[in-house]
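Please work through each task before reading its solution.

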Amino acid sequence: MTLWYLARAAGVVTMVMFTLSAVLGMVMPNVRRPERRFWLQYVHRSAAVTGLVLLTTHVVAVIADSYVAISPTVLVWPFGAGYRPFAMAVGVVALYSLVLASLVGASRGRLAASATFTKYWRKLHIAASVGWLLAIGHALLAGTDRSTPWMLAITIGCLTAVATAGVYRLNAAPKLTRAWRTQ
């Protein structure tokens with residue numbers, strides 16, 4: 001039972017951490033003060049890294065748990081899972097998207113001198129949004145607690161937070177200069 005509880009807790013907190021990272025990522029371009037922007041970016045990245053560590057914990061705990069028939073091959077061929085194959089596929093694609101976004105985000109500072117990389121950075125980093133949305137879908141499809149009131153509240157809270165941040169960013173966007181929008 002310990003692995004099952006660990007997998008559930010890691011999955012839920014992963015979703016919350018990636019939600020925090022997504023919200024901060026959406027509101028950050030509207031922040032003008034450099035010191036505030038620095039701290040928001042620090043928390044944005046810290047939440048993303050914490051989310052990745054917990055995501056790894058979630059995956060390892062699910063695979064190690066003998067109660068559910070999920071093997072490491074699910075990371076390559078999720079439809080072969082013995083437990084909710086479509087939900088596993090959604091989760092695996094979310095995993096790939098979030099890892100891609102993390103790698104792109106981590107390399108942004110190192111490759112900032114490259115005009116080509118800078119031009120495509122935002123398009124590549126959008127994988128984080130896709131991964132986050134797929135992670136929400138995975139939680140709703142695969143989670144054993146998906147229909148409990150507390151899990152629905154957390155999921156709706158995450159969806160509301162990201163939607164609110166998105167509306168805030170869209171409403172504040174016309175005030176930004178082109179240089180701020182391309183970052």
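A residue is buried under 20% relative accessible area, exposed over 50%, and partly exposed in between (1.4 Å probe, protein chains only). The model is predicted: local features need pLDDT of at least 70, side-chain atom pairs count only at pLDDT 80 or more, and totals for chains, interfaces and linings use all residues. Residues are numbered from 1 along each chain as its sequence is written, and side-chain values use heavy atoms, with hydrogens and water left out.

**Exercise 1.** Describe the ring contact between Phe 38 and Trp 39.

Solution. A pair of aromatic rings is described by the distance of the centres and the angle of the planes. Rings of Phe, Tyr and Trp (its six-membered ring) pair if their centres lie within 6.5 Å; planes under 30 degrees apart are stacked, over 60 edge-to-face, and the rest tilted. The count comes to four aromatic pairs. For Phe 38 and Trp 39, the centres are 5.2 Å apart and the planes stand at 80°, so this pair is edge-to-face. Phe 38, Trp 39 and Tyr 42 form one aromatic cluster. Trp 39 counts as exposed because its relative accessibility is 52%.

**Exercise 2.** How many salt bridges does the whole structure contain, and which residue forms one with Arg 8?

Solution. A salt bridge requires a side-chain nitrogen of Lys or Arg within 4 Å of a carboxyl oxygen of Asp or Glu. The search finds two. In one, Arg 8 pairs with Asp 145, with the closest N and O atoms 2.5 Å apart. This pair links distant parts of the chain, 137 residues apart: Arg 8 is in helix 1 (residues 2-27), and Asp 145 is in the loop between helix 5 (127-142) and helix 6 (149-172). Arg 8 is partly exposed at 22%, whereas Asp 145 is buried at 12%. Glu 35 forms a salt bridge with Arg 33, with 2.9 Å between the closest N and O atoms.

Notes
Helix = DSSP H or I, 4+ residues; strand = E, 2+ residues; numbered from the N terminus.
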